[in-house]
Amino acid sequence: MLEIKKNIYWVGVRDWELKRFHGEEFSTHRGSTYNSYLIRDKKIALVDTVWTPFHEEFAEELDREIGLENISLIVINHTEQDHAGSLLYLMEKIPDTPIYCTRNGAAMIKGHFHKDWNFNAVKTGDSVDLGEYKLVFVEMPLLHWPDSMATYVAGANVLLSNDAFGQHYVSSSLYNDQVDQGELFQEAIKYFANILTPFSDLVKKKTAEIKSLNLPIDMIAPSHGIIWRDNPLQIVEKYEQWASGYHEGTVAILYDTMWGATRKMALAIARGLENKGVGAKLFNLGKSDKADVVTEVFKARGVIVGSSTINRSVLSNTAAILEVIKGLKFKGKVGAAFGSYGWSGESPKIIQDRLAEAGIEIIAEPLKMKWDPAPENLKECEAFGEAFADKIR
Ligand code: FEO
């Protein structure tokens with residue numbers, strides 16, 4: 001138990017070994033944490049639990065420190081298994097403990113665990129007095145599940161924000177002012193890009209709502225990663241930027257290649273962009289991590305995607321990233337497609353259609369080349385990159 005504010009303790013788990021999350025979908029190169037918080041007031045409240053594989057060590061530690069029977073109530077801000085996964089184990093030991101969550105949360109907990117525990121459904125503004133402190137609930141529907149909410153500890157000025165403002169990042173320190181800032185913000189933006197992008201409009205509304213409440217906030221303590229205690233509102237401001245068509249002016253070139261021809265095209269397109277002063281980042285989709293690629297697409301103004309043609313379609317890693325991009329509903333990005341082929345040559349048009357379907361504005365006709373590009377073909381690719389740059393500068 002680590003006291004983060006008077007009588008408020010972090011009782012989570014540091015998972016240094018976690019490398020994939022959401023099944024195998026999301027890479028977590030820097031591990032993660034499952035942050036659970038305990039408020040020891042006249043009543044003792046536990047806010048969120050930890051992922052199921054850690055339920056035993058989590059519950060035993062709590063039992064040793066405070067005695068499980070002394071927990072007056074449990075708040076579940078969000079029912080995904082990384083936060084509610086220890087409930088079943090915990091509730092076997094303290095089955096009558098009231099659980100505070102949203103109405104959607106109660107339905108989801110029942111769906112996960114098939115138990116009818118003592119649920120107390122809460123709405124924004126509802127509160128529970130603990131003694132010195134008061135818990136005030138703020139619904140955050142679809143940030144990022146329909147059940148999500150945050151809990152504000154009035155009197156302590158601590159916002160327990162659950163997934164919002166979190167990062168998959170484990171460190172020996174719990175605090176934002178004690179970790180490498182480059183690592184921290186890379187993980188924070190990766191988290192936003194991969195998880196919150198589709199809900200950007202809701203993020204903007206919710207951050208505006210939180211600010212309009214004028215709550216004193218000394219600390220934002222999410223359910224993953226470090227706690228924002230030094231200028232905590234800086235991450236709220238970042239979320240506002242990230243939710244508002246954010247880009248850094250670069251172009252992400254994503255390609256997959258069977259025998260290197262599409263790769264040569266990609267490199268030549270990048271040269272064209274660079275000739276015009278636009279930074280390009282290249283990713284061979286067969287060798288790159290999807291979540292990292294998504295993060296770079298998020299940072300980019302433009303996305304140019306290329307694939308060889310195979311079986312009248314695109315290579316499978318290209319198909320996968322296009323599916324992910326479609327789901328994330330990026331806004332304000334422009335794009336184009338390219339690729340080499342031997343005889344039928346469908347891939348660039350397929351890519352263009354999928355980018356358009358994903359809401360990417362197409363600003364160049366697809367570029368396709370037969371067999372291996374000759375020097376004059378590569379000049380054409382370079383010109384394609386230059387023309388793309390002219391349109392976005
Ligand atoms: Fe960290 Fe949506 O769970």
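Modeller: Before we start, a word on contact, which here means heavy atoms within 4.5 Å of each other. Among contacts in the protein chain between residues at least 6 apart in sequence, 71% join residues at least 24 apart.

Colleague: And what kind of model is this?

Modeller: This is a predicted model, in which local features need pLDDT of at least 70 and side-chain atom pairs count only at pLDDT 80 or more, while totals for chains, interfaces and linings use all residues. Residues are numbered from 1 along each chain as its sequence is written, and side-chain values use heavy atoms, with hydrogens and water left out.

Colleague: How many helices and strands does the protein chain have?

Modeller: The protein chain has twelve helices and 24 strands, where helices (H or I, at least four residues) and strands (E, at least two) are DSSP runs numbered from the N terminus. Along its principal axes, the C-alpha trace spans about 80 × 40 × 35 Å.

Colleague: What share of the residues is buried?

Modeller: Of the 393 residues in the protein chain, 58% are buried. Buried means under 20% relative accessible area, exposed means over 50%, and partly exposed lies in between, with a 1.4 Å probe and protein chains only.

Colleague: Let's look at helix packing. At what angle do H10 and H11 pack?

Modeller: Two packed helices are described by the angle between their axes and the distance between the axes. Helix H10 (residues 316–328) and helix H11 (residues 347–357) pack at an angle of about 20°, with their axes 9 Å apart. The axes are lines fitted to C-alpha atoms, for helices over the stretch in contact, and angles run from 0 to 180 degrees between N-to-C directions. H10 and H11 are therefore roughly parallel to each other, since angles under 35 degrees count as roughly parallel, over 145 as roughly antiparallel, 65 to 115 as roughly perpendicular and the rest as oblique.

Colleague: Which residues of H10 and H11 meet?

Modeller: From H10 there are Thr318, Ala319, Leu322 and Lys326, and these meet Ile351, Arg354, Leu355 and Glu357 in H11. By class, the contact of H10 with H11 has four nonpolar, one polar and three charged residues. Ala, Val, Leu, Ile, Met, Phe, Trp, Tyr, Cys and Pro count as nonpolar, Asp, Glu, Lys and Arg as charged, and the others, Gly among them, as polar.

Colleague: And how do H9 and H10 cross?

Modeller: The axes of H9 and H10 come within 11 Å and cross at roughly 50°, and that makes H9 oblique to H10. Lys290, Val293, Val294 and Val297 of H9 make the contact with Ala320, Ile321, Val324, Ile325 and Leu328 of H10. By class, this contact of H9 with H10 has eight nonpolar, no polar and one charged residues.

Colleague: I keep clicking on Phe298. Where is Phe298, and is it buried or exposed?

Modeller: Phe298 is in helix H9, and at 4% relative accessibility Phe298 counts as buried. Leaving aside its neighbours within four places in sequence, Phe298 is in contact with several residues, including Ile189, Phe192, Trp242 and Phe330.

Colleague: Changing topic, how many salt bridges does the count come to?

Modeller: The count comes to 23 salt bridges, a salt bridge being a side-chain nitrogen of Lys or Arg within 4 Å of a carboxyl oxygen of Asp or Glu. One of them joins Asp289 and Arg20, with the closest N and O atoms 3.0 Å apart.

Colleague: Why does the pair of Asp289 and Arg20 tie together parts apart in sequence?

Modeller: Asp289 lies in the loop between strand E18 (280–284) and helix H9 (290–299), while Arg20 is in strand E4 (residues 20–21), so the pair ties together parts that are 269 residues apart in sequence. Asp289 counts as buried at 16% relative accessibility, whereas Arg20 is partly exposed, with a relative accessible area of 31%.

Colleague: What does Asp292 meet in a salt bridge?

Modeller: The side chain of Asp292 meets that of Lys190 in a salt bridge, at 2.9 Å from N to O. Asp292 lies in helix H9 and Lys190 in helix H5 (residues 181–196), so this pair ties together parts that are 102 residues apart in sequence. Asp292 is partly exposed, with a relative accessible area of 25%, whereas Lys190 is buried, at 1%.

Colleague: Last one: which residues are linked in a network of salt bridges?

Modeller: Arg30, Glu183 and Glu187 are linked in such a network.
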